[in-house]
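Visitor: I have a model open and would like to learn how to read its ligand sites. Could you walk me through it?

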Amino acid sequence: MPISLDFLSSFFLNSSVEACGLPARWTATKDFTIGELGFGTGLNFLATWNLWRRHRSGTAWLHFVSFEGFPLDREDVEQAFRPWPELATLATKLVARWPLRAKGVRRLSWPDERISLTLHVGSIADTLPQSELSADAWFLDGFSPAKNAEMWDPALWPLLAARSAKMARIATFTVAGAVRRGLSEAGFTVEKTAGYGRKRQRLEGYLPSQVSGQRPTPEGRPESGADNPDRASAGVIEGDERGRVIMDFDRHQEKSQKSQRPEHLVQGGKVAIIGAGIAGACLAATLSRRGADVTIFDRAQGPVSGASGNPAALVMPRLDAEDNAASRLLIDAYIAARNAYSGQPGIDQVAVYQQPRDAHEASRYEKVLADPPLGLECLEALRGSGLLHKGACLVRPAELVPALLDGIATRWGVEVDIDQAARTINHEPFEAIVLASGLHIASLYPWLRLDGRLGQIEYYESQLEVAPSALASGAYALSSGGLRLWGATYEALTSEGITTSDTASQKNDDALAALNPYWSKEALSADRRSRAAVRATSVDRLPVIGRLPDIEHILQTHADLRNGKRILAPVTDVPGIFVTGGFGSRGFTWAPWAAQIVTAQLFNDPMPAARNVLDLVAPSRQILRDLKRKRL
Ligand SMILES: Cc1cc2nc3c(=O)[nH]c(=O)nc-3n(C[C@H](O)[C@H](O)[C@H](O)COP(=O)(O)OP(=O)(O)OC[C@H]3O[C@@H](n4cnc5c(N)ncnc54)[C@H](O)[C@@H]3O)c2cc1C
Ligand SMILES: C[S@@+](CC[C@H](N)C(=O)[O-])C[C@H]1O[C@@H](n2cnc3c(N)ncnc32)[C@H](O)[C@@H]1O
């Protein structure tokens with residue numbers, strides 16, 4: 001669809017900004033959120049950013065949340081910005097990190113500029129209902145309603161209202177009667193005003209009173225069930241029903257949560273993180289860039305003493321043939337990891353050659369390739385059903401993690417005594433405490449049902465320096481410079497604890513021989529070492545990320561789940577306590593994405609993930625399942 005920059009720019013600069021009361025409504029202390037339907041080239045975003053640069057002050061952040069169904073290629077965008085020399089600096093920054101086209105949610109932040117971009121990629125009918133934000137202003141910038149009905153579907157307006165702060169302003173170039181009526185019915189006060197340029201009239205409006213709760217937690221929400229067979233009680237929310245059901249729920253949420261939701265973190269708020277593995281380090285870096293005052297505690301004498309301490313780890317996607325919340329979750333996390341690690345010390349870009357392990361996997365890969373979820377810049381087919389992942393990462397944690405912790409207050413060799421109610425660690429008060437301590441989380445909260453899975457890798461330093469390369473097929477073989485590393489075993493943790501074994505080495509060697517017989521010869525005669533560690537793994541193999549559920553309270557409020565009843569009440573959580581872990585075999589992929597989620601929850605920022613995706617990682621999910629199965 002061709003985009004007239006001329007029209008866009010005059011529309012945006014002259015009318016949306018004015019209609020939404022900008023920049024006057026930007027204050028030095030209060031964060032501001034703009035929602036936009038139709039990201040296009042991102043020109044509105046850049047122009048807003050440019051304005052923000054000139055008018056921002058104090059500590060406030062600007063969050064720009066946009067929805068786009070058909071993301072443009074980087075090259076097209078680059079070209080589209082050429083006529084705008086005044087935006088060239090910002091355009092370069094955006095283009096350098098231009099989001100990939102995959103469906104899902106992308107979060108890009110420029111902390112020095114105190115601005116974030118959250119891009120929901122997918123059809124608006126799918127993405128808006130799954131979004132979580134509280135917009136202070138909306139730019140409705142789809143193509144005209146006549147040409148592009150989905151972007152102006154009346155079902156969107158109640159959803160928009162439910163995602164708006166009180167007195168949110170709204171601006172659009174269309175004055176179509178259906179849009180006016182729809183917005184009014186959803187609670188907006190709208191009026192036609194004089195337009196600009198070729199547009200004689202335009203529409204502006206505001207939301208006189210808040211329509212619904214701002215930040216529903218995912219756990220208690222009635223959900224579609226389609227993506228989560230374990231919680232299929234609420235029925236599928238579809239079509240016109242979607243807006244009504246979600247709004248009903250939002251109202252319910254607001255009533256029941258007002259009393260228990262803690263105030264969100266403000267700039268300089270003190271946060272303690274327990275654990276300096278990849279989970280804790282990514283979170284510390286993200287939170288600190290967002291403005292938190294972070295202290296990280298670890299019982300070890302330095303970082304990466306646990307599972308994160310292998311000499312190298314691989315970050316690659318796991319691709320599913322289906323397009324659902326679970327497959328998007330994995331892709332969102334992978335893209336977030338690529339972005340977060342890009343340019344960091346200890347990161348090599350690597351192409352991963354992935355061969356199927358068996359016929360079942362080969363058939364899955366074929367389905368993936370028939371409708372690839374990632375573009376050619378990330379994914380290609382290999383002869384014989386294999387996948388080639390381009391731009392994956394080989395991570396050397398001993399270099400990456402210290403870099404992430406640079407500037408963070410660290411306390412090594414400390415045994416922590418956590419008082420959840422008082423929110424103290426060893427009697428020191430914090431506004432929030434985040435557990436990122438691997439299997440230690442399981443000992444504190446057994447009902448999360450995290451288990452230890454022992455793993456072992458083998459490695460040595462070769463005389464021969466090579467470019468980074470990676471082979472994967474269940475097991476993996478990595479080389480970069482002189483480092484050669486292969487593995488990994490995956491076993492139940494026994495009473496013997498975390499120890500290396502010859503049996504595990506043999507398994508790894510067999511796997512290497514199958515992956516790369518040539519390299520295997522050198523490896524077997526090399527002066528090699530083994531390393532064992534334990535992965536904290538959840539029952540459904542997905543991580544646990546977010547607010548800590550209040551188990552005692554949930555056992556009361558949701559007791560009737562044991563009797564097969566459907567409970568819509570939201571789950572309660574322990575104020576100010578969070579977890580990030582259960583990363584299983586993919587900790588280096590999950591950690592940057594998890595850090596974005598926890599940071600957004602702490603600061604009450606727009607969520608950088610879809611609701612149905614957040615449900616899949618919510619720490620309360622296992623409690624609810626276990627109640628239903630009468631295990632609790
Ligand atoms: C053999 C093997 C190979 C792997 N390969 C890969 C791979 O290639 N790619 C990948 O993505 N993932 C891989 N993984 C998984 C990955 O290593 C983990 O998912 C990840 O490291 C978990 O990170 P974490 O920060 O949650 O936990 P950890 O790295 O275990 O960090 C937890 C930290 O908490 C600290 N701690 C614990 N208890 C306390 C306490 N009471 N007080 C204070 N501090 C405490 C520990 O000292 C530790 O530093 C592999 C795992 C293994 C075992
Ligand atoms: C007028 S353009 C937006 C211009 C943009 N604001 C800018 O600054 O460049 C409208 C956008 O809406 C997107 N769009 C159209 N239909 C959509 C749908 N059903 N869901 C999501 N996005 C859609 C188009 O791909 C297009 O990028």
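Guide: Gladly! Let's begin with a term: a polar contact is a pair of N or O atoms within 3.5 Å. Keep in mind that this is a predicted model. Here, an oxygen atom of ligand 1 sits 2.8 Å from a polar backbone atom of Gly584.

Visitor: Which elements give two or more residues to the shell around ligand 1?

Guide: Two of them are helices, α9 (278-290) and α17 (587-603). The others are the strands β11 (313-315), β20 (451-473) and β23 (529-537).

Visitor: How many residues surround ligand 1, and which are the closest?

Guide: A residue joins the shell if one of its heavy atoms lies within 4 Å of the ligand. For ligand 1 that gives 34 residues, with Asp298, Ser308, Leu314, Tyr476 and Gly584 the closest. Sorted by class, this shell holds 15 nonpolar, 15 polar and four charged residues.

Visitor: Now for ligand 2. Which residues come nearest there?

Guide: The same cut-off of 4 Å applies. There are 21 residues around ligand 2, and Gly38, Thr41, Asn44, Glu68 and Glu150 come nearest. The classes in the shell of ligand 2 are seven nonpolar, ten polar and four charged residues.

Visitor: What lies 2.8 Å from a nitrogen atom of ligand 2?

Guide: That is a polar side-chain atom of Asp141. The backbone takes part as well: an N or O atom of Gly69 lies 2.9 Å from a nitrogen atom of ligand 2, and one of Ile124 lies 3.0 Å from a nitrogen atom of this ligand. Taken alone, ligand 2 exposes 600 Å², and the protein buries 96% of that.

Visitor: Let's step back to the whole chain. What share of its residues count as buried?

Guide: Buried means under 20% relative accessible area. By that cut-off, 57% of the 632 residues are buried. The chain exposes about 25900 Å², with carbon and sulfur atoms supplying 50% of that area.

Visitor: And how many helices and strands does the chain have?

Guide: The secondary structure comes to 19 helices and 25 strands. As for contacts with a separation of 6 or more, 76% of them join residues 24 or more positions apart.

Note on methods. Residues are numbered from 1 along each chain as its sequence is written. Chains are lettered from A and ligands numbered from 1 in the order in which they are written. This is a predicted model: local features need pLDDT of at least 70, side-chain atom pairs count only at pLDDT 80 or more; totals for chains, interfaces and linings use all residues. Side-chain values use heavy atoms; hydrogens and water are left out. A polar contact is a pair of N or O atoms within 3.5 Å; within protein, one must be able to donate a hydrogen and the other to accept it, and residues adjacent in sequence count only if both atoms are side-chain atoms. Accessible areas come from the Shrake-Rupley method with a 1.4 Å probe; for residues, only the protein chains shown count as cover. Ala, Val, Leu, Ile, Met, Phe, Trp, Tyr, Cys and Pro count as nonpolar, Asp, Glu, Lys and Arg as charged, and the others, Gly among them, as polar. Helices (H or I, at least four residues) and strands (E, at least two) are DSSP runs, numbered from the N terminus. Buried means under 20% relative accessible area, exposed over 50%, partly exposed in between (1.4 Å probe, protein chains only). Contact means heavy atoms within 4.5 Å.
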